[in-house]
Structure formats: structure tokens, C-alpha cells
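Q: I would like to learn how to read the contacts between the parts of a model. Could you take me through the features in turn?

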Amino acid sequence: MPATDTGSTPGAALELAPGLAPEPTVSYQLRVDGARHQVHGAWLGASLLSVLRDTLDLTTVKDACEQGRCGSCSVLLDGRLVASCTVLAADAEDAEVTSVAGLRPSGPARAVAAAFVREGAVQCGYCTPGMVVAVTDLLARRPDADDGEVREALSGNICRCTGYGRILAAVRAVQDERAGR
Amino acid sequence: MTGPGAWPVPGADRALERARIGRSAPRPDGPAKVAGTFPYANDLRVPGMLHARTLRSPHPHARVRRIDATAARAMPGVAAVVTAADVPGVPTYGLIHPDQPVFAPVGGVARYVGEPVAAVAAVDGRTARRALAAIEVEYEPLEPLTDPRRAADPRTPPIHPNGNIYRELTLRHGDPGARGPVEVVDSYLVGQQDQAFLACEAALALPAADGGVDLMLATQWLHSDRDQMAACLGLPEEKVRLTLAGVGGAFGGREDVTLQIHGALLALATGSPVRIAYDREESFLAHPHRHPARMWFRHSATRDGDLIAVAARIVMDGGAYASSSPAVIANAVTHAAGPYRVPNVRVDGVVVRTNNPPCGAMRGFGVPQVTIGHEAQMDRLATALGMDPVALRLRNAIGPGDLLPTGQAVPPPLPVREVIEAVAAAPAPPPATAATPARDRPGGRGAQADPARIRRGTGYGVGVKNLMFSEGFDDSATARVVLELDRDGQPRAVVHTACAEVGQGFVTIAGQIARTELGLDAVVLAPADTAVASAGSTSASRQTWMSGGAVRKASVAAVDEVLRRVAASLRLPPAAAATPRRLLTLADGAVTGPEAGVSVGLADVLAAGGPVDVTETFRHRPTHPMDAFGQGDCHVAYACAAHRAVVDVDLDTGLVRVVELTLAQDVGTMLNPLSVLGQVEGGTAQGLGLALMEELVVTDGMVINTTFHDYLLPTAADVPPLRLIPIEQPAPEAPYGVKGIGEAPTGTATPAIVAAIRDAVGRDLRRVPVRPADLVLPPDPTVYLAPPDEDPEPQGPAEPAARDGMGLSDATPGAGTPPGPDQPPAPGASP
Amino acid sequence: MTGVATMRRPRSLSEAIDTLAASPGADLLAGGTDLVPALRTGARPVREMISLRRIVELRARGAAGDWLTIGACATYADLAGWSLAPGLAATARSVGSPQIRNTGTVGGALGTASPRGDLLTFLVAADAGVVVTGPVGQRQLGIGRFLADRHGPDELVTAVKLARPCGPQTYLKIGARQTASIPVASCALVVDRVRRLVRCAIGGVASRPVRALAAEDHVAETADWSTGALPPDAAHRFGELVAEAVTTAPDVAGDDVYAPAAYRSHAAGVLARRAAARCLAGARGADARRP
Ligand SMILES: Cc1cc2nc3c(=O)[nH]c(=O)nc-3n(C[C@H](O)[C@H](O)[C@H](O)COP(=O)(O)OP(=O)(O)OC[C@H]3O[C@@H](n4cnc5c(N)ncnc54)[C@H](O)[C@@H]3O)c2cc1C
Ligand code: FES
Ligand code: FES
């Protein structure tokens, strides 16, 4: 029995979970950053984000809203930038998931990461892994994006610390580097 | 902190080694953070750990009649359920006054939506969540008190044994009845902002063999958490050990205890490690927010524009529990006249208890609210006088030696005039034209604003913010520096403080200071924990000054010890041995003294005499409580800032785009210019958020928008480039002349943007955040605190009316009077 | 603990239809941007799940004769640059953030049918057809019918059909910040210079997009259809009529965290006037083909 009082219940924290029937679970494989992971008996409704973090302990992917709004959980799904909290994990079975850790071997990501540190784009750093994925994706598609385009393209990645100034500076630094400026 | 998984950042390590104060040293934790390997509190996992969740009251005000957790406890996978009945120590806690129950007890009252009632530990998060649903709680809803004005009325029945008034303050300076020939009067409303640090609250609690508990967590003040936890857990302080885990932002929102005691209780109850972590919705409900405020102001001036008097009345809604409300209202009251010379000041401030969400510390700590008010008033006064708003501000700018409304003389330096002049002189950005892409017009590509209907506006916001803790609080910070040999026999320094690195960059600065003082590149920072004495809170713009000061002091003492050892080995005459710094210097890992003909490696000194281990505590000049008229040297230091905002407003839709922000700021000495820039850019963006979009909407005690879908944060597309003009005037009392820099610009960005919007649309805007509807629909009359021509306080000689409802009495009806941890007096400032 | 519900991953449309027939009441999963967060909060229960991601035929998009066909699994990103459908492309570009545009689909937007959905508003103005397919084959519904009746439990949306543009079209949106915001109010305008009419839909203001019929008639009557231009005061009047249509719409939304209702109708009028100026400016209006 749920709480006897049925007031309005804002917030998941206050919400009453659905009945107490056993929850549907599934098992599948995920390919993350080139490695295969077996997921055993995960809740069917689990997001890719929660399976990465809570089942596979891949905490390089961050969570901050779990509603697709902040971008801290950004990964590439078969090369497309997505918010992993909006992707069903069980549906990513045959996809290639790339987190910031998986970007390593490629050149631009390394330059982006170095520029983030050098230019002061990292403060608390919680937005950073998702931000690095998004910036790397942007620069791969639009190497010459101007400031306005960069700002718009990063609008799915919230940073609460930096006010974005140093992040923009880091993006510019990578662009300059690559253009040999 | 560069863990094994960190990316190699070319050049970063070398730059770091060379980084002394004054240079833009990169963050030592940067490589791990970009690689995603930096361990935040919510990344911590240990084998066998349980997952905790919290059951919260859905009512703004309700008596808890019954809690039955039998079914939940019986569920497979559930390890423990704890309620108020399981709290072994003091049933309540709080930053200043312990008035908040750990859990709302049966027979007691839950006072806000989201107040914890029980917590569950289970094998996984979903089981814990399902167990919450199986806990039966019977509430008897009570009438909520949600209007702060009604709460301030002494006739309103108290909703807590401590009463409905957290603190009422009266400030009288000069002749409180003084008036001038030119007057402007108005009321202003500031909405409730959330800190919205990006990483939600999290901790890992580990039961210890000695019956105590170890907690790894994200917080702003380890020792304050520790003291409150120990009292509620009924444990001696040494059995509650806290270690800082990675903190994903704070901004004041981690000053209060939220999940700490719950996690520890569950770990102790189960004997297992317990991970307790909030999601965003729970985070919105769990931590105190920025106080919403209603403010009435009357500014009086001569016809030449000299301020004669400022009268103000401030009502802040503190929500259900005290948190830092008593200190926040002190800041609001003492800063209400702004950075101006005002001979006669009369301010009445009250912060009240309601059944709204608790409010506490957020960057600026009571000052941003009044800055919004006094800056709006200065613009209106300029209009009434037919004066330029910059000229009016310059004419009245306060400076060192001038008296503040508290009667305190402004401690030098305070370059108010310089910051105003600097922003006013900065070149203006080019106007929007038909060629401006839609993306860069108000409303962006979606709205396709008509260039002919865009109006440019320029506005100024000038403010002053106190630094560090106030009102006689014994504010201290401790650092330990150990000089030792590493495994390769090379000398290195280990710096240990309890200072919470929340993103602000203390780890960078601490290393820079230690390197500079020790003349040594190999400096490592030990994790912050309670094994060393308190660093105080990472708030109130205080850590660079305070913990930075402590690191410097300890480093200096460590050098002295090294030199003493060398001097002793030289068998110098006692006079020379007593002052070895005259003869010897430690630099680049060696002690040299050309006069004495000495050159000895630090490694040799340490090998011979063992490690040097010193601990030093730093204190700033003491502050004093205010008297009954709000007079006294209650703040230790101040920093000022001025923003100029340039906005474009779409007159048809009321959409606003901030085009450019210029900030001139009193920065003391910049120990790390890049870090200064990052801090002020971040603070400015939060001020922009408050100006345009950030508001927790609370209706009848219910928070309506607890997600990032509807609590909107500025994105990269909303925040324009910031031009920073640092005004470097070293503060003589501070280590290296530093000043805290994170708060002042948060307070000035908001009024500057609002002023720019006013300038563009020609409307009086009294409510923040400014919504598009405020610019295009008929004005909303409900925004007034009092009709603008009516003085809410009776005239005549004022009686100091200090009501302090915060006795140390019990917060839980019928539970007896808990002794309570020995709580410090109100720290007067925060993040 | 293994419950009954599980994950189905059909690789073709026919397989999907068979799967759906075998498990009525199953949830269709496209991008997941609506469904996955709703499962987490418990707003939606977890049921049998049929993923549509692997059905290549549902991602197709193309032109044939007078019609454009967009597969249900086309994402916003797929549509954002489509020159054949400028209004649809503008709509797609206005949705969410890059992450959401890369994930969210046309079928998902129709499945959720959020009153604030950008796509829905445009589809209403475009008088789109919704193709739903079930065990007995496929049928096409007008968008209005679809929103009223939805589809059967054994059917899914397989495509959306739009007439090839016969004139300028645009989609304008007011959000709560510069970008990455749901619409506070939006306006889709589609001009058909062949049939000499316009269709206008307003989103974010009521429980479904509002058609402004009187306003549309006003344009049809006052426009100079030889040039496709509207007299200056007619655009103004068009805006007024749209605002009126919003105020008088059934189920008009009340005040909320984003805006008071009065602002929405005001904003709708402004956007409509703006859309008319862009799409009905005569020769210059051709620009609006590339909003
Ligand atoms: C952060 C964020 C921002 C957003 N911003 C916007 C915005 O600005 N504008 C806007 O309009 N929307 C916005 N959305 C909403 C969302 O992205 C869209 O509605 C999207 O189109 C949903 O598509 P999907 O493929 O992700 O749907 P899913 O989540 O996969 O499905 C949604 C619903 O549709 C059903 N469904 C899916 N496919 C079909 C089908 N073929 N036939 C029948 N039913 C089907 C599902 O069963 C489910 O009920 C936003 C969402 C998020 C999370
Ligand atoms: S956690 Fe996925 S977008 Fe915020
Ligand atoms: S650095 Fe803290 S959120 Fe971006």
C-alpha cells in the first residue's frame, strides 16, 4: 500500500513507484568505447546512462538531469551525439557507444581536452566530459564554425561554473591550432 | 589528483611545476576532469554497497500521524528503513540554529514540500525506490503559511516552536528622519533562484570498526557537516570522519546538511557501505535556495544629486527552517544602501519562517537582492534629477575612509569610482543591424525578430560585497605543510587543508602559494578531510584569503624550520641563529647563504633531520556584532564591482538578448588571472540567469518546476562574451593583497541587465527575473510591497525592534530540549 | 526477477506489425527522448517494448509526384537541412538541442502528441497526412483526425505525407531562452499560391495546435495572388485575427511557469504577423522558402 494520503506529489522523490510486482529485466551486450560488456538482468526501462554508470560503473559519463536537458551524459551513439539519458539501454545493444574515454585515440579529441585544461574551460569539471564529446563532434562536422554557431551547437550542454567564456576560448584555440594560426 | 586515467596534456605538467603566484597556472585536476576519471562524490562505488533513497513529505504543512514501514522492511532487498525514531542523538540540526528535524517525527510536523520523513537502504536504487512506496505515512494536512508578509505579522500563529521570525534587524545611521528635496520611492520583488550546481548531492557512508562512520561526500564545509552529524548521530566528533570527494559545483547549495546524516544512519544501521545520492528533482527539493525578497526603498537626494538618505524595508522568505537566514538578512540590511556615501540610513529587514522551501546560502548571500533594489533606485533617481546615471553614481561613490551605514569606515582599498569609470569608458558594441543574423537577435533563429523593432539598451549595476564571515564570528582556516622526501629521495611538500574544492580552483592557488613560499616545484595536495582542523566554508569569497593565508603561513613556518635547522648546524651566534632568514634563503630545493658560505640541498636537510611538519591557523582581523541600531564593524573587508550590460529587446515579443557584458572589478591581487576570469564569467552568467530566466516557482508551498525542462539555466547561446577590466589594488590586510572575487559580479550582473532592459523599453521593471510578458503586457500591479508613495513604517524616532525568534529551544514538539551542538554565531557571509 | 515484458527489435516493418499484433499494448520505442525519461520517473509504466530503430524503411524520406513522404523514424536532424520542405526543415531546426534533434523522431512526436510539440504545429499548418499501418494494411488520416482519434493498439505511424510546397512556408517560435527551449508560442504558416490560400497553426497555446481559420480567410481574400503579396495593413490584421483565434480556442492553456496566457495570445499574433511578412511579401517573400 502506498502512503495513505494522496496529495499531489511533485518530484520523482515523492512519487509512488508502480505496484510491487517484479520488475521486467533483460540481458544484453553493450559495446562501449570499443569494449564489450555483458549486462545481466537490468531493468528493462533503464536508460543507457544509468546502465553505463550504475550497472557497468562507467562513471566517465555524468548525470545531472536525466531528462535530456544538460548534456553531461553526452555520448556518441554510432557516431551521433546523443544524451544517453534519453536512450533506452536495451535498445543500444548493437550500437557503438563512445564516451569521452573512447574518443582518446583520435586527434581532435586530444586537442580539445588539452585546450580545455589550458584555457581554463574546466572548473568543477562535471559538465566537462559531455562537453568534450560535444565539442569534438562539432569540430568534426563544422571545423570552422563561428562563435555564434558554436554557442548554438553547445546549447544542449549546460555548464553552471564557467559562464562558457573559457569553453568558447578553448574551442577557438583548437580551431586556430588546426588552421595553423 | 592526476589519476592513472588522466589524459596527458602536453605541457600542462611542466607549466604546473613552474606555476607560482601571479601566473595563470592550469588546474592540477584538469587532466583527470577532461578525461572523465576525476572521482566525484556520486561516482564512488564500493563492493557490497547499498543504495539509499529518501521519502519526503508531499505537503507544505502537515502533521505526521503515523509511519508504518513494516511492509517496506519486509521487502526482499531492503536492508534498513530509518525514521526520526532511529536518530540516536539530537533530533534536529542546522547551520546556525539546529531547528530542522533529521526526519519529521511521528506526532511532529513536516513544514515544507520535500521534508525528509524516512530513508531506505536497499540492494539497488530501484528496490530502494519501491520500498519508499511501501512505507505508509499518514499525514494530517495543516493550513500552510506561505505568504512571508503574513509570517512577519506577530498575530500569525507560529508554525515552529521557535516562532516565525528568524531575525529582524534595525539599522539606523545618521538622522533616520532625514529627507531631501528629490525623492524616489518604489518596491521590488526578487524571485527564488536555485544554485543548480551540476552534480547533484551525493555521499558514500562507510561504517567503521570503532562504531563511528566515514563519509566521502561533496560539501562546502567538512567540519560544519561533521559537527552537525556527530550531534545527531550521538557520536563523539572523532568518530565521524569526513573526506571530500569530487564536488561538481556548489554556489552555496552545499552549505547545509542534506543527505549526510541519513546516509550515516543507514550505514550504521546496516553495517554496510551506503551510497546516498539525489537526482535533480530531489536536489531541487532538498537544498536551500536563494531567498526571494520583497523590498521597499526610498532614496532622497539634493537637487545636485548628493544622496541624503536611504530608507528601506526588506522582507525575505526564509522558508521552513533557519539555514543561514539570520546571516543572510544581516548582509541584505548592511548592504542595502549599496556602494554609496549616504549620511542617513534607515533599514528594516526581516527574514521569516514559512512553509515554503528553506532558503539559505547562494553566491552573493543576501547582497544580490538588495543590489537589484538600490541600483534600480539609483537609475530612477538619475531620471528624477535629469542626471546621467553614471555621473550620479560617481558623485556618490563611497571610498576608503567613508562611513558605511553600519558606521564602519570603509577599509582600503575600495575602488568604487574606478570600477564605474572603467566600465563607462569601455567601447560600446556595434549596434544590431538588418545584417545581424537572426541567431544573434532576441529570441534567436526561432523568433526571427524584426530588426526595425529591436531596441538597444545600456544599463549599469554597481555593487559592493563583504568578504568572509562577519558579526564577530571566529573565522579561521588551518593548513598543514609537510616537507619530506619522496620515494626517489627528492624533496616534496604535502599541503593538507580541509578546504573544499568545489570547482573554484583552490587546489590551483594552494599549489601556487606553496610553490612560491617553499621555492619548491614538487607540491602535492592531500585530500581535504577532517583529520586536519577546519578550513571554514568554501563560501563568502573567503578561501583564497583564509585557506590561502593558512597555506602561506604554514609554508613560511616550514621554511623557517628548515632555515633554523641549517642555522643550527652552522653553529651561528645565537642572534643570527634566531633570525636565519637574514642569512639564508630556501629556493629551488636548496638553502643558500652566500654571506655564511652555505649551500645545502633541502633533501639533505630533510634526510638529516626528518620531515618538517607544521600546522598553522590563519585568522582575519576580528569583526564585531552590530548593536541594536545595526551599528558596528561587522564585516572585515569588501570588494566592489560594476557591470555594464548592453541588451537588445524585441519590442514586439519582449524577448531579450544580452549582447555584451563589461565588468570592472576590484580584484585585489590576482594570484591566477585565468582563474579570476573563470570565476567572474561564471558569476556573471548566474546573475544573467536571475535577470532573465531562473526562478523556482512556488505556489501554495509547492515547487512547480523541479526539472531542467522548466527551471531554465542559461546556455552558451544566452551568455554573451564578458570583457573584464580588473582593477588591481592589493588589500593590505590580506595575504598577497588578495580579495575574494566570486561573489561581487553575481550581484551586479542582474541589475545591470535589468537596467539595460529598462533603458530599451522605457518601463519601470520591479520584478526579477524579468519575463517577456513584463515588457509587452500591461504592468502587473501585484508586484508592489506597498503603494509607491506610502512609507510602510511609521515616521518618527525609531525603536530598535530586534526580534530574534531563534531561541535554542526544541524544534520538535514534545521531544524535550536537546542540548544541540554548540553552534557558532551567525557567520555573516557566504558563497 | 524476470518479468514478462521484454524488448523486441524487429528489423522490418512487417516484422514490427506482427510483433505488435502478438503483444497488443506494447510500447513503441523510437528515439526514446520522451519515453525513456518517463519510464525513469514512473510517469509511464514499463511494458513490452518494440524498438523501431532498426527498420530502415521507416527512416526513408523522399518525394514522389506532388507528395513528400517522411518515414516515422526520420529524426529532426534528418529533416533540418531538407531543401524540398523548407517549413518542415525550419521546424526541425527549432527543436531542442543537437542531442535531441539527433534522437527525436517524427513518429515519436506524433506518438506523444504533446500540445507543445513543434512538429505537430507545422504538420497541422501543412495539412499533413499521417500514414498508420497495422495488420490489415495501411491507411492515411488527416493530421486533425489523427490527433483526435490516434491510431489503434495494433497499428503504428509509419510515415507522414506533405504536399510539395506551392509557395513560401515558415515556422516561428518563441522559447524561454535563445535556443533549446520548448515553445511558449509558435506559428506555422504555409502559403499555397496555386490554390490561393494560406494555412496557419499556432502551437504551445492550447491542448493541440490551433488553426486560425478567420485569419486564413482574411489573407486569402486580401492577398494579391498574382504577386503573392499582402497589403501592409492586412498582415497586421492577420496577426490580430490569429491572436483572437488563440484567445477563443477551446482548451486554451492557462498561465504557467513560462508565461501568462495573455502573453501567449499576444505572442501568437506577433509571430503570425511576422510569418505573413516573410511569406507574403511578394517577390521578396521567396526568401522565406529558406527560413
Ligand atoms: C530535452 C528535450 C528537449 C525537447 N525539446 C523539444 C522541442 O523543443 N520541441 C519539441 O517539439 N519537442 C521537444 N522535445 C520532445 C521530443 O524530442 C519529441 O517529441 C520527439 O519527437 C519524440 O521522438 P522520439 O523518437 O524520441 O519518441 P519516443 O520517446 O521514442 O516515443 C514517444 C512516444 O511516441 C510513441 N511512438 C514512437 N514512435 C511511434 C510510431 N512510429 N508510431 C506510433 N507511436 C510511436 C512511443 O510509444 C511513445 O509513446 C524535447 C525532448 C527533450 C527530452
Ligand atoms: S543527464 Fe542526460 S542530458 Fe542531463
Ligand atoms: S565546470 Fe562546473 S558545470 Fe561546467
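The dialogue below goes through chain interfaces, a domain interface and a sheet.

Q: What should I know before I start?

A: This is a predicted model, in which local features need pLDDT of at least 70 and side-chain atom pairs count only at pLDDT 80 or more, while totals for chains, interfaces and linings use all residues. Residues are numbered from 1 along each chain as its sequence is written, chains are lettered from A and ligands numbered from 1 in the order in which they are written, and side-chain values use heavy atoms, with hydrogens and water left out.

Q: How many residues of chain A are in contact with chain B, and what area is buried?

A: Contact means heavy atoms within 4.5 Å. By that rule, 72 residues of chain A touch 87 residues of chain B. Buried area is the accessible area (1.4 Å probe) that two parts lose on being put together, summed over both. For chain A and chain B this is about 6200 Å², with 58% from carbon and sulfur atoms.

Q: How many salt bridges and polar contacts are there between chain A and chain B?

A: A salt bridge is a side-chain nitrogen of Lys or Arg within 4 Å of a carboxyl oxygen of Asp or Glu. Ten are counted between chain A and chain B; one of them joins Glu694(B) to Arg160(A) at 2.6 Å, N to O. A polar contact is a pair of N or O atoms within 3.5 Å; within protein, one must be able to donate a hydrogen and the other to accept it, and residues adjacent in sequence count only if both atoms are side-chain atoms. Chain A and chain B have 27 residue pairs in polar contact, both residues at pLDDT 80 or more.

Q: Which helix of chain A gives the most to the side that touches chain B?

A: Helices (H or I, at least four residues) and strands (E, at least two) are DSSP runs, numbered from the N terminus. Helix 2 of chain A gives the most to that side, with eight residues.

Q: How does chain C meet chain A?

A: Here 37 residues of chain C are in contact with 39 residues of chain A. The two chains bury about 3000 Å² between them, 53% of it on carbon and sulfur atoms. Arg40(C), Arg53(C) and Gln99(C) supply 20% of the area that chain C buries against chain A, more than any other three residues. Seven salt bridges are counted between the chains, including Arg54(C) with Asp91(A), whose closest N and O atoms are 2.8 Å apart.

Q: What are the domains of chain C, and how many of their residues are in contact?

A: Domain bounds come from an automatic or database domain assignment. Chain C is divided into domain 1 (57-163) and domain 2 (169-289). In contact are 21 residues of domain 1 of chain C and 26 residues of domain 2 of chain C. Two salt bridges are found across this interface. Lys173(C) and Asp118(C) form a salt bridge, with 2.8 Å between the closest N and O atoms.

Q: In what order do the strands of the chain C sheet lie, and which stand at the edges?

A: Strands of a sheet pair through backbone hydrogen bonds, either parallel or antiparallel. Two strands pair if DSSP finds at least two bridges between them. In chain C, three strands form an open sheet in the order 1-3-2, with parallel pairing. Strand 1 (7-8) and strand 2 (27-29) of chain C each have a single partner strand and stand at the edges, so one side of each is left without a neighbour in the sheet. Two bridges join strand 1 of chain C to strand 3 (residues 49-51) of chain C, and Met7(C) stands opposite Met49(C) in strand 3 of chain C.
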